[in-house]
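Student: I would like to learn how to read packing and pairing in a protein model. Please take the features one at a time.

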Amino acid sequence: MEMTRKMSLMRAIALGTAIFVGSVASGVPIVSPAVAATGVEAVVNGTAITSGDVQRRMAFLRLQKSKATKDIAREQLIDETLKRSEIARLRMSVSTSDVDASYARFASGNKLTTDQLGQILDRAGVGADHFKQYIAVQMSWPRVVNARYGNSAGGKSLVERMQERGGDKPSTTEYFLQQVIFVVPASRRNAIIGKRKAEAEASRSKYPGCEDAKIFAATMHDVSIRELGRVLAPQLPEDWKPLIEKAKGNTTETRVTERGVEYLGICKTRQVNDDMAAEMVFRAEELGKGGDKPDDGNSKKYVDELRSKAQITMR
(Lines give C-alpha, C1' and ligand atoms only; values in the text may rest on other atoms or scores of the structure.)
Protein backbone atom coordinates (compact mmCIF):
# COMPACT_ATOMS: atom_id res chain seq x y z
CA MET A 1 0.00 0.00 0.00
CA GLU A 2 2.82 2.41 0.92
CA MET A 3 4.62 1.69 -2.37
CA THR A 4 1.39 2.32 -4.31
CA ARG A 5 0.91 5.65 -2.54
CA LYS A 6 4.49 6.69 -3.23
CA MET A 7 4.16 5.82 -6.92
CA SER A 8 0.88 7.76 -7.09
CA LEU A 9 2.59 10.77 -5.50
CA MET A 10 5.50 10.55 -7.92
CA ARG A 11 3.14 10.51 -10.88
CA ALA A 12 1.21 13.49 -9.51
CA ILE A 13 4.36 15.54 -8.95
CA ALA A 14 5.67 14.55 -12.36
CA LEU A 15 2.62 16.21 -13.92
CA GLY A 16 4.21 19.56 -13.09
CA THR A 17 2.95 22.64 -11.28
CA ALA A 18 -0.56 23.05 -12.68
CA ILE A 19 -2.08 21.82 -9.41
CA PHE A 20 -0.65 24.82 -7.62
CA VAL A 21 -0.63 27.56 -10.22
CA GLY A 22 -4.40 27.39 -10.44
CA SER A 23 -4.67 28.26 -6.77
CA VAL A 24 -4.83 31.76 -5.26
CA ALA A 25 -1.72 33.45 -6.62
CA SER A 26 -0.43 36.62 -5.12
CA GLY A 27 2.95 36.17 -3.49
CA VAL A 28 5.27 34.07 -1.42
CA PRO A 29 5.11 33.54 2.31
CA ILE A 30 8.49 32.81 3.79
CA VAL A 31 8.41 29.16 4.91
CA SER A 32 11.43 28.37 7.09
CA PRO A 33 13.47 25.52 5.53
CA ALA A 34 14.78 22.68 7.62
CA VAL A 35 18.45 23.17 8.36
CA ALA A 36 20.37 20.06 7.38
CA ALA A 37 23.31 21.66 5.63
CA THR A 38 26.98 20.78 5.83
CA GLY A 39 28.10 23.68 3.67
CA VAL A 40 27.12 26.58 1.46
CA GLU A 41 26.72 25.99 -2.28
CA ALA A 42 25.85 29.55 -3.34
CA VAL A 43 25.05 32.97 -1.90
CA VAL A 44 22.38 35.06 -3.63
CA ASN A 45 22.21 38.69 -2.48
CA GLY A 46 23.32 37.56 0.96
CA THR A 47 20.99 34.55 1.16
CA ALA A 48 22.78 31.22 1.45
CA ILE A 49 21.78 28.12 -0.51
CA THR A 50 23.11 25.18 1.46
CA SER A 51 24.18 21.72 0.43
CA GLY A 52 21.12 20.45 2.30
CA ASP A 53 18.89 22.65 0.13
CA VAL A 54 20.55 21.29 -3.00
CA GLN A 55 20.20 17.68 -1.87
CA ARG A 56 16.50 18.19 -1.15
CA ARG A 57 15.94 19.75 -4.58
CA MET A 58 17.78 16.85 -6.26
CA ALA A 59 15.50 14.44 -4.40
CA PHE A 60 12.49 16.48 -5.51
CA LEU A 61 13.65 16.40 -9.14
CA ARG A 62 13.89 12.62 -8.90
CA LEU A 63 10.29 12.51 -7.68
CA GLN A 64 9.37 14.55 -10.76
CA LYS A 65 11.22 12.06 -12.96
CA SER A 66 13.47 14.91 -14.08
CA LYS A 67 17.22 15.01 -14.50
CA ALA A 68 18.57 15.49 -10.98
CA THR A 69 22.10 16.85 -11.16
CA LYS A 70 23.67 19.11 -8.58
CA ASP A 71 24.05 21.95 -11.10
CA ILE A 72 20.37 21.82 -12.17
CA ALA A 73 19.19 21.77 -8.56
CA ARG A 74 21.43 24.69 -7.62
CA GLU A 75 20.31 26.79 -10.61
CA GLN A 76 16.64 26.18 -9.77
CA LEU A 77 17.22 27.27 -6.19
CA ILE A 78 19.06 30.42 -7.30
CA ASP A 79 16.10 31.37 -9.52
CA GLU A 80 13.63 30.66 -6.73
CA THR A 81 15.63 32.73 -4.25
CA LEU A 82 15.54 35.67 -6.66
CA LYS A 83 11.81 35.21 -7.26
CA ARG A 84 11.06 34.99 -3.55
CA SER A 85 13.02 38.16 -2.86
CA GLU A 86 11.20 40.04 -5.64
CA ILE A 87 7.81 38.90 -4.40
CA ALA A 88 8.68 40.04 -0.88
CA ARG A 89 9.89 43.40 -2.23
CA LEU A 90 6.57 43.91 -4.03
CA ARG A 91 4.65 42.83 -0.91
CA MET A 92 2.56 40.35 -2.87
CA SER A 93 2.69 37.58 -0.30
CA VAL A 94 -0.03 35.00 0.21
CA SER A 95 -0.61 33.76 3.71
CA THR A 96 0.94 30.59 5.04
CA SER A 97 -2.59 29.19 5.33
CA ASP A 98 -2.96 29.44 1.54
CA VAL A 99 0.15 27.30 1.09
CA ASP A 100 -1.02 24.88 3.78
CA ALA A 101 -4.39 24.58 2.03
CA SER A 102 -2.73 23.85 -1.31
CA TYR A 103 -0.51 21.24 0.37
CA ALA A 104 -3.57 19.65 1.97
CA ARG A 105 -5.42 19.59 -1.37
CA PHE A 106 -2.42 17.88 -2.98
CA ALA A 107 -2.40 15.26 -0.22
CA SER A 108 -6.14 14.72 -0.47
CA GLY A 109 -5.94 14.42 -4.26
CA ASN A 110 -3.47 11.57 -3.77
CA LYS A 111 -5.65 9.91 -1.10
CA LEU A 112 -3.21 10.81 1.68
CA THR A 113 -3.45 12.74 4.90
CA THR A 114 -0.99 15.61 5.27
CA ASP A 115 0.94 13.54 7.82
CA GLN A 116 1.24 10.66 5.37
CA LEU A 117 2.36 13.02 2.61
CA GLY A 118 4.97 14.48 4.95
CA GLN A 119 6.26 11.01 5.83
CA ILE A 120 6.63 10.08 2.16
CA LEU A 121 8.42 13.34 1.38
CA ASP A 122 10.74 12.84 4.36
CA ARG A 123 11.63 9.32 3.24
CA ALA A 124 12.24 10.57 -0.29
CA GLY A 125 14.70 13.12 1.08
CA VAL A 126 12.55 16.14 0.13
CA GLY A 127 10.71 17.14 3.29
CA ALA A 128 7.42 18.99 3.68
CA ASP A 129 9.00 22.43 4.15
CA HIS A 130 10.96 22.20 0.89
CA PHE A 131 7.81 21.13 -0.96
CA LYS A 132 5.83 23.98 0.58
CA GLN A 133 8.45 26.48 -0.53
CA TYR A 134 8.13 25.11 -4.04
CA ILE A 135 4.33 25.37 -3.87
CA ALA A 136 4.56 28.96 -2.61
CA VAL A 137 6.72 30.07 -5.53
CA GLN A 138 4.50 28.29 -8.05
CA MET A 139 1.42 29.98 -6.59
CA SER A 140 3.04 33.38 -6.55
CA TRP A 141 5.31 33.98 -9.49
CA PRO A 142 2.51 34.18 -12.14
CA ARG A 143 1.02 37.19 -10.36
CA VAL A 144 4.35 39.00 -10.22
CA VAL A 145 5.01 38.39 -13.92
CA ASN A 146 1.51 39.47 -14.89
CA ALA A 147 1.77 42.57 -12.72
CA ARG A 148 4.91 43.55 -14.62
CA TYR A 149 3.96 42.59 -18.17
CA GLY A 150 0.21 42.11 -18.15
CA ASN A 151 -1.61 38.88 -18.89
CA SER A 152 0.00 36.88 -21.70
CA ALA A 153 -3.27 36.65 -23.59
CA GLY A 154 -3.98 40.35 -23.65
CA GLY A 155 -0.54 41.78 -22.89
CA LYS A 156 -2.13 44.79 -21.18
CA SER A 157 -0.59 46.55 -18.25
CA LEU A 158 -2.46 47.72 -15.18
CA VAL A 159 -2.43 51.30 -16.51
CA GLU A 160 -3.81 50.21 -19.91
CA ARG A 161 -6.59 48.21 -18.30
CA MET A 162 -7.46 51.16 -16.07
CA GLN A 163 -7.59 53.46 -19.10
CA GLU A 164 -10.13 51.15 -20.69
CA ARG A 165 -12.32 51.82 -17.65
CA GLY A 166 -11.99 55.57 -17.95
CA GLY A 167 -9.10 55.79 -15.51
CA ASP A 168 -11.03 54.34 -12.57
CA LYS A 169 -9.43 51.69 -10.42
CA PRO A 170 -11.75 48.77 -9.65
CA SER A 171 -12.46 48.30 -5.97
CA THR A 172 -12.67 45.15 -3.90
CA THR A 173 -13.38 44.15 -0.32
CA GLU A 174 -10.50 44.09 2.12
CA TYR A 175 -10.83 41.72 5.07
CA PHE A 176 -8.77 41.55 8.25
CA LEU A 177 -9.06 37.97 9.46
CA GLN A 178 -8.16 35.80 12.41
CA GLN A 179 -8.25 32.00 12.56
CA VAL A 180 -9.62 30.27 15.66
CA ILE A 181 -8.50 26.63 15.87
CA PHE A 182 -9.91 24.06 18.27
CA VAL A 183 -7.03 21.62 18.05
CA VAL A 184 -7.79 17.91 17.70
CA PRO A 185 -4.80 15.53 18.04
CA ALA A 186 -4.71 12.96 15.24
CA SER A 187 -4.53 10.12 17.78
CA ARG A 188 -7.85 11.18 19.35
CA ARG A 189 -9.63 12.50 16.27
CA ASN A 190 -12.41 9.94 16.04
CA ALA A 191 -13.08 10.04 19.76
CA ILE A 192 -13.40 13.80 20.31
CA ILE A 193 -14.12 15.50 16.97
CA GLY A 194 -17.86 15.74 17.71
CA LYS A 195 -17.23 17.24 21.15
CA ARG A 196 -14.75 19.76 19.75
CA LYS A 197 -17.14 20.80 17.01
CA ALA A 198 -19.84 21.49 19.60
CA GLU A 199 -17.38 23.53 21.68
CA ALA A 200 -16.31 25.56 18.65
CA GLU A 201 -19.91 26.25 17.66
CA ALA A 202 -20.81 27.33 21.19
CA SER A 203 -17.81 29.68 21.37
CA ARG A 204 -18.78 31.69 18.29
CA SER A 205 -21.48 33.65 20.11
CA LYS A 206 -18.93 34.55 22.82
CA TYR A 207 -16.11 35.52 20.47
CA PRO A 208 -15.05 38.99 21.70
CA GLY A 209 -13.38 40.25 18.53
CA CYS A 210 -9.83 40.18 17.29
CA GLU A 211 -8.17 42.37 19.91
CA ASP A 212 -9.25 40.16 22.82
CA ALA A 213 -9.23 36.82 21.01
CA LYS A 214 -6.01 35.50 22.58
CA ILE A 215 -7.32 36.16 26.08
CA PHE A 216 -10.57 34.47 25.02
CA ALA A 217 -8.68 31.42 23.69
CA ALA A 218 -6.68 31.11 26.89
CA THR A 219 -9.90 30.37 28.81
CA MET A 220 -10.45 27.19 26.77
CA HIS A 221 -8.55 23.95 26.30
CA ASP A 222 -6.27 23.55 23.25
CA VAL A 223 -7.52 26.57 21.32
CA SER A 224 -5.05 28.59 19.26
CA ILE A 225 -5.30 31.89 17.39
CA ARG A 226 -3.59 32.57 14.07
CA GLU A 227 -3.42 36.09 12.66
CA LEU A 228 -4.15 36.09 8.93
CA GLY A 229 -4.01 39.85 8.58
CA ARG A 230 -5.11 41.71 5.47
CA VAL A 231 -6.72 39.56 2.77
CA LEU A 232 -8.35 41.00 -0.34
CA ALA A 233 -11.48 39.32 -1.73
CA PRO A 234 -9.68 37.75 -4.75
CA GLN A 235 -7.12 36.26 -2.34
CA LEU A 236 -9.62 34.45 -0.14
CA PRO A 237 -8.82 30.72 0.14
CA GLU A 238 -11.37 28.70 -1.80
CA ASP A 239 -12.16 26.56 1.25
CA TRP A 240 -13.12 29.61 3.30
CA LYS A 241 -14.47 32.01 0.69
CA PRO A 242 -18.17 30.92 0.76
CA LEU A 243 -18.21 30.99 4.57
CA ILE A 244 -16.65 34.45 4.72
CA GLU A 245 -19.01 35.90 2.14
CA LYS A 246 -22.15 34.63 3.87
CA ALA A 247 -20.95 35.29 7.43
CA LYS A 248 -23.33 37.16 9.72
CA GLY A 249 -21.67 38.92 12.59
CA ASN A 250 -17.96 38.68 13.27
CA THR A 251 -17.36 34.93 12.74
CA THR A 252 -17.81 32.40 9.97
CA GLU A 253 -19.38 28.99 10.41
CA THR A 254 -17.05 26.21 11.58
CA ARG A 255 -15.10 23.80 9.39
CA VAL A 256 -13.49 20.46 10.24
CA THR A 257 -9.89 20.48 8.98
CA GLU A 258 -6.69 18.49 9.39
CA ARG A 259 -5.87 20.59 12.48
CA GLY A 260 -9.24 20.19 14.17
CA VAL A 261 -12.32 22.45 14.11
CA GLU A 262 -11.86 26.02 12.92
CA TYR A 263 -13.67 29.25 12.19
CA LEU A 264 -12.53 32.70 11.13
CA GLY A 265 -12.95 35.89 13.08
CA ILE A 266 -13.69 38.86 10.82
CA CYS A 267 -11.93 41.81 12.45
CA LYS A 268 -13.14 44.39 9.95
CA THR A 269 -13.99 44.88 6.29
CA ARG A 270 -13.81 47.85 3.96
CA GLN A 271 -13.79 48.70 0.26
CA VAL A 272 -10.38 49.57 -1.20
CA ASN A 273 -9.17 50.61 -4.65
CA ASP A 274 -5.39 50.95 -4.34
CA ASP A 275 -3.01 49.56 -6.97
CA MET A 276 -2.68 46.18 -5.29
CA ALA A 277 -6.45 45.81 -5.02
CA ALA A 278 -6.91 46.83 -8.66
CA GLU A 279 -4.32 44.34 -9.85
CA MET A 280 -5.99 41.55 -7.93
CA VAL A 281 -9.39 42.37 -9.39
CA PHE A 282 -7.93 42.28 -12.90
CA ARG A 283 -6.06 39.09 -12.07
CA ALA A 284 -9.26 37.44 -10.84
CA GLU A 285 -10.97 38.42 -14.10
CA GLU A 286 -8.10 36.89 -16.08
CA LEU A 287 -8.29 33.67 -14.09
CA GLY A 288 -11.96 33.47 -14.97
CA LYS A 289 -10.99 33.61 -18.63
CA GLY A 290 -8.36 30.92 -18.19
CA GLY A 291 -5.40 33.29 -18.03
CA ASP A 292 -3.80 31.61 -15.04
CA LYS A 293 -0.22 31.21 -16.23
CA PRO A 294 2.51 33.76 -16.87
CA ASP A 295 3.98 34.14 -20.32
CA ASP A 296 7.06 31.89 -20.27
CA GLY A 297 9.06 34.41 -22.30
CA ASN A 298 8.24 37.22 -19.92
CA SER A 299 8.96 35.02 -16.93
CA LYS A 300 12.40 34.18 -18.27
CA LYS A 301 13.03 37.83 -19.15
CA TYR A 302 12.12 38.85 -15.60
CA VAL A 303 14.39 36.23 -14.01
CA ASP A 304 17.25 37.13 -16.36
CA GLU A 305 16.86 40.77 -15.30
CA LEU A 306 16.95 39.79 -11.62
CA ARG A 307 20.03 37.68 -12.23
CA SER A 308 21.82 40.51 -14.04
CA LYS A 309 21.40 42.78 -11.00
CA ALA A 310 22.06 40.15 -8.34
CA GLN A 311 25.22 39.32 -6.47
CA ILE A 312 25.58 35.57 -6.90
CA THR A 313 28.59 33.77 -5.48
CA MET A 314 29.18 30.07 -6.15
CA ARG A 315 31.04 28.10 -3.49
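Student: At what angle do the axes of helix 5 and helix 6 cross, and within what distance do they come?

Tutor: Two packed helices are described by the angle between their axes and the distance between the axes. Here the axes of helix 5 (residues 96-109) and helix 6 (residues 114-123) cross at roughly 85 degrees and come within 9 Å. An axis is a line fitted to C-alpha atoms, for helices over the stretch in contact, and angles run from 0 to 180 degrees between N-to-C directions. Helices (H or I, at least four residues) and strands (E, at least two) are DSSP runs, numbered from the N terminus.

This is a predicted model: local features need pLDDT of at least 70, side-chain atom pairs count only at pLDDT 80 or more, and totals for chains, interfaces and linings use all residues. Residues are numbered from 1 along each chain as its sequence is written, and side-chain values use heavy atoms, with hydrogens and water left out.

Student: Which word describes how helix 5 and helix 6 lie to each other?

Tutor: Angles under 35 degrees count as roughly parallel, over 145 as roughly antiparallel, 65 to 115 as roughly perpendicular and the rest as oblique. Helix 5 and helix 6 are therefore roughly perpendicular.

Student: Which residues of helix 5 and helix 6 meet?

Tutor: Contact means heavy atoms within 4.5 Å. Y103, A104, F106 and A107 in helix 5 meet T114, L117, G118 and L121 in helix 6. By class, this contact has 6 nonpolar, 2 polar and no charged residues. Ala, Val, Leu, Ile, Met, Phe, Trp, Tyr, Cys and Pro count as nonpolar, Asp, Glu, Lys and Arg as charged, and the others, Gly among them, as polar.

Student: What is the order of the strands in the open sheet?

Tutor: Two strands pair if DSSP finds at least two bridges between them. The order of the 4 strands is 4-3-6-5, with antiparallel pairing. Strand 4 (223-232) and strand 5 (255-256) are the edges, each pairing on one side only. Strand 3 (residues 172-183) is joined to strand 4 by 9 bridges, and L177 stands opposite G229.

Student: Which helix lies across strand 3, strand 4, strand 5 and strand 6?

Tutor: Helix 9 (residues 189-204) does, running at about 35 degrees to strand 6 (260-272).

Student: Is A186 buried or exposed?

Tutor: Buried means under 20% relative accessible area, exposed over 50%, partly exposed in between (1.4 Å probe, protein chains only). A186, in the loop between strand 3 and helix 9, counts as exposed because its relative accessibility is 62%.
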